[in-house]
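Here are my notes from an afternoon with this structure.

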Amino acid sequence: MALPLLSLPDNVKKHGRQGSGKLGDPIFTGLTFAAACTILILMALLVYMLFQDSLPSIREFGLGFLSSEEWDPVKDIYGAKPFIYGTVASSLIALVIAVPLSLGIAIYLSQFAPRWLRAPLGFLVELLAAIPSVVYGLWGIFVLAPFLGKTIEPFFADHLGGIPIFSGPVYGVGLFSAGVVLAIMILPTISAISRESMLNVARDQKEAAQALGATPWETVRIAVLPLARPGIIGAVILGLGRALGETMAVTMLIGNRPEISASIFAPAYSIASVIANEFAEVTAGIHMAALIELALILLVITLVLNLFARLLIQKPGSGGLKGKGRA
Amino acid sequence: MKNDLNRRRRNARSRFAYLLCVFSAVLALIPLVMIISYVIFQGASALNLDFLTQLPKPVGETGGGMGNAIVGSLILVGIASVIGLPVGILAGAYLAEFRSPRLSWLVRLLADILSGVPSIIVGVFVYALLVLTMKRFSALAGGVALGIMMLPTVARTTEEMLRMVPDSLREASLALGIPRWRTIISIVIKTAGGGILTGIMLAIARISGETAPLLFTALNSRTWPVGLDQPVASLPVQIYTYAISPYADWHQQAWAGSLVLVLMVLVLSVGSKLYFGKKMKMAR
Amino acid sequence: MAGFISTNKLSATFGDVRAIQDITLEIPANKITALIGPSGCGKSTFLRCLNRMHELVPGAKSTGEVLWDGKNIYGPDMDAAEVRRGIGMVFQKPNPFPLMTIADNVSAGLRLTGMRKSKSELEEVVERSLKMAALWEEVKNKLHKPGGSLSGGQQQRLCIARALAVEPDIILMDEPCSALDPASTQKIEDTMEQLTKNYTIVIVTHNMQQAARVSEFTGFMLSKETGEPGQLVEYGSTNKIFTMPDRKETENYITGRFG
């Protein structure tokens, strides 16, 4: 059938060329690409600007910044140690409280709870994560801190006051209260991710343990926890990262005193808190650079923790590219 | 005999462990109940029409309200959405639909990292970026800070929802001669719409409760919002300011503000999850 | 007359894996041509090269010519989307757009390719297409129901109607009945007969009886060993292929000695 080879098929001539089709694809691809690059640019810019704006302080204090305890805006001398201490200590207290509780909840929800209870209970625990930080702080100031100051803390101080970490006067606000509220705040994170990890453990592992006559708890201990361990550790690390970066609730409860003392009941200061309190009122000198250097330190710590946690937490179903290698 | 004893001991241990787990669950719920009931009871007593509609009164005078803070929060969330939603959805579409392995991996990694950056650091960043250059605190800066916070969440949720749309639909659309961009917008995104909307609502719920990024971007104000390039009040910042003040009247208002804020956040979070649940059932 | 396709040394790869090699054949207009062969011989891959769907898989390439009414569809001034509009496809598993109504499903190809049609024009096309796909009577009173609410066989006919609505010349069918029950299969085979009045149909099927029933021309494809690309062993009128094939391999396959 000889048709002039230079003409388009009748069909194409009938429907005509859809101009938007030719232009639409490159434009749309470009837009989505630009949007994706925005994320790259933002992160790069963030790290760059933090580094750039903290240079005056880095140059001035060098590595001594990390070990100096002096924070004096008047004399324009700054040291990070109290804040690093406050940040880390409050977060560790939070972990000590939150991890056992979170694991208990995760185990209960994934292994023991009756089916009808799982969704509602899980939902309620998630609700803890939805409450804004400032509301936690408000409740902390007026309910939690007074409660702790009048009951739990005196109990420890009276009976165990010999031990340094329980020594000293009890104010209510301080490292311990901040730690408790942080624990409540990171509990949903740790328990949700741990629960996922436990649910991902293949059923035949549990069945093997049960077939050997293991009690329910032994099944969990032998079959589930070891396999879920990387995910659980990842969950804890993520929780730690959250606690380190938490600002409002900690600012309202930690006491805001840049001192390092042995007792957990003493007031302290976290990196996020000092930035929140002092940033807007910075006058001159390298005050701001010092604050930004603190922010940089916090950023690096949380970044490293975040990356570490990601390596440990395997999400099921991710990583497989669809459409590749169709047979 | 010995096996019997052993067995009983193991069973007792199991029972004990079980009870500990139940106990943890109960213990975790106690603060939840306490916080919500305090917010409701303390907040309700100070919540009235004045509170919702009036400006704060000067120090020393009682009365007044957080009307400007509520409006301010809405404005800030609005600005954040205008910035965060289009960029987030398009970025999510890029991750899901255009598979360049190295770039996608990098963007995904950085999006997850960005969502883990402490909110106060985002505030510092936007301060350096906008407040210093504009030489003023502004609603715009606050909105940008919140927008940056919502960006990774929206992008990843969009990506996940788009990936759940089966390839057979993309094929069907392309086989009809529908161009790729139209396929993605009118078929893929539309089919995933319910899930994407849920992700958006959750992201909005999260940023509407944020305080730290606003502290030195939008700052605060005692008047109605005046302009995008001026400081603006917001509910979380106002709650914070009142909470740490020495005035009992302001403490009451802080509770009332918390009630409004918690209601907003819960309605968005819970509502979106219910809505999503319904949509998921429909798609099956 | 329009709607004939010929290929010239068509080969296709997925990355490094060669799927089909040097396929040369002519598919005449307004007839049903069947492609048969054991699974894995590349029949679907070949089909997808005919409407430029193959290249959508990342890393997939093809060489050789595919001439649609004499014009190479891979030519520099041919837009892939236009090719796909003129050469439609129905897939193995019915894939109507689940959140669209039945009517919107049928008109999707028209609405989303920027063709300006008024509401009444669209309604007319929907009715016409559904009639040609032998689905009109069953759905005419529920056009507003979602596409996913139909049975499997009905969904497949909906997909056929959807493909017809954009007025292609050629319809490619990739094992369209393999997911359906015998009754639906029969309906669709009847529909195919009717469609040849206006369309050219190429059907890939692993069901030899179906190929023998509906087609006038048949091509037999085979990959000599696993890992080898599929090649066209024999091509001719269905009658000849099934009663007096030239090649031994064809005869073995037809008589069920393998495959």
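**Chain C against chain B**

I began with the contact between chains C and B: 23 residues of chain C meet 17 residues of chain B, two residues being in contact if their C-beta atoms, placed from the backbone, lie within 7 Å. This is a predicted model, in which local features need pLDDT of at least 70, side-chain atom pairs count only at pLDDT 80 or more, and totals for chains, interfaces and linings use all residues. Residues are numbered from 1 along each chain as its sequence is written, while chains are lettered from A and ligands numbered from 1 in the order in which they are written.

Next I asked which elements of chain C supply at least two residues each to the side that touches chain B. I found α2 (80–86), β6 (87–90), α3 (102–111) and α6 (152–165) of chain C; helices (H or I, at least four residues) and strands (E, at least two) are DSSP runs, numbered from the N terminus. The largest share, four residues, comes from α2(C). By class I noted 13 nonpolar, five polar and five charged residues on this side of chain C. Here Ala, Val, Leu, Ile, Met, Phe, Trp, Tyr, Cys and Pro count as nonpolar, Asp, Glu, Lys and Arg as charged, and the others, Gly among them, as polar.

**Chain A against chain B**

I then turned to chains A and B, whose contact takes 69 residues from chain A and 74 residues from chain B. Helix α2 (residues 19–61) of chain A gives the most to chain A's side, with 19 residues. That side of chain A has 49 nonpolar, 15 polar and five charged residues.

**Confidence in chain A**

I checked pLDDT, the predictor's confidence in each residue, from 0 to 100. The mean for chain A is 84, and 89% of its residues reach 70 or more. Helix α1 (residues 10–15) of chain A is lowest, at a mean of 59, and helix α11 (residues 248–253) of chain A is highest, at 94.

**Chain C on its own**

Last, I counted ten helices and ten strands in chain C. The C-alpha atoms of chain C fill a box of roughly 55 × 45 × 35 Å, taken along the principal axes. Of contacts in chain C between residues at least 6 apart in sequence, 70% join residues at least 24 apart.
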